[in-house]
Amino acid sequence: MTRMISILNGPNLNLLGKRQPQIYGAETLADVEWNCRAVLAEGFDLTLRQSNHEGQIIDWIHEARETACGIVINPGAFTHTSIAILDALNAFEGPVIEVHISNVHKRESFRHHSYVSLRAEGVIVGLGIEGYEAGVRRICSLVTKAG
Ligand code: DQA
């Protein structure tokens, strides 16, 4: 049986590649998906989705309870504000890896706190879009180890 990894992206990440490329780089979410597919372990597949709406992201996390073995999430600015996304992730049983393209700790102090980190098995910051690949690898290895 194929195990699905859900990669979720929050607000403004649809503009990846166009928005502040000096911070977020020139690659797009399509590049992220392509690169992540290349590192999938045998027997795993993934979906990558993005929404500017908090409720949509919460609905996708609920859906993942039935369909996904793990979640890689870049909640964008909701990272720093959303107890509701934290609560939804707490209702998901598999591993969660939080990814930030930029090094949030080098930026404004309001980006230093993450609600999602209270739930995440791992947090990857500042590796550019390679952080998503690291997240996918980690989910594959945690899920494989858990059997
Ligand atoms: C981000 C960092 C957040 O602070 C910001 O609001 C984003 C992107 C990142 O990937 O570096 O939208 O999550």
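**Ligand pocket chat**

User: Where does the ligand sit?
Analyst: The ligand takes up the space of the largest pocket. Keep in mind that this is a predicted model.

User: What volume does the largest pocket have?
Analyst: About 180 Å³.

User: How many residues line the largest pocket, and which lie nearest its centre?
Analyst: The lining has 15 residues. Nearest the centre are Arg19, Tyr24, Gly76, Ala77 and Arg111.

User: How does that lining divide into nonpolar, polar and charged?
Analyst: Six residues of the lining are nonpolar, six are polar and three are charged.

User: On to contacts. How far is Ser102 from the ligand?
Analyst: A polar side-chain atom of Ser102 is 2.6 Å from a ligand oxygen atom.

User: What about Asn74?
Analyst: For Asn74, a polar side-chain atom lies 2.8 Å from an oxygen atom of the ligand.

User: And Arg111?
Analyst: Arg111 has a polar side-chain atom 2.9 Å from an oxygen atom of the ligand.

User: How much of the ligand's accessible area does the protein cover?
Analyst: The protein covers 98%. On its own, the ligand has 320 Å² of accessible area.

Notes: Residues are numbered from 1 along each chain as its sequence is written. This is a predicted model: local features need pLDDT of at least 70, side-chain atom pairs count only at pLDDT 80 or more; totals for chains, interfaces and linings use all residues. Side-chain values use heavy atoms; hydrogens and water are left out. A polar contact is a pair of N or O atoms within 3.5 Å; within protein, one must be able to donate a hydrogen and the other to accept it, and residues adjacent in sequence count only if both atoms are side-chain atoms. Accessible areas come from the Shrake-Rupley method with a 1.4 Å probe; for residues, only the protein chains shown count as cover. On a 1 Å grid over the protein atoms alone, a cavity is a set of points where a 1.4 Å probe fits but cannot get out, and a pocket is an open set with protein on both sides within 12 Å along at least five of seven lines; lining residues have an atom within 4 Å of a point. A molecule sits in a cavity or pocket if more than half of its atoms lie within 2 Å of its grid points. Grid points are joined across faces, edges and corners, and a volume is the space filled by probe spheres set on the points. Ala, Val, Leu, Ile, Met, Phe, Trp, Tyr, Cys and Pro count as nonpolar, Asp, Glu, Lys and Arg as charged, and the others, Gly among them, as polar.
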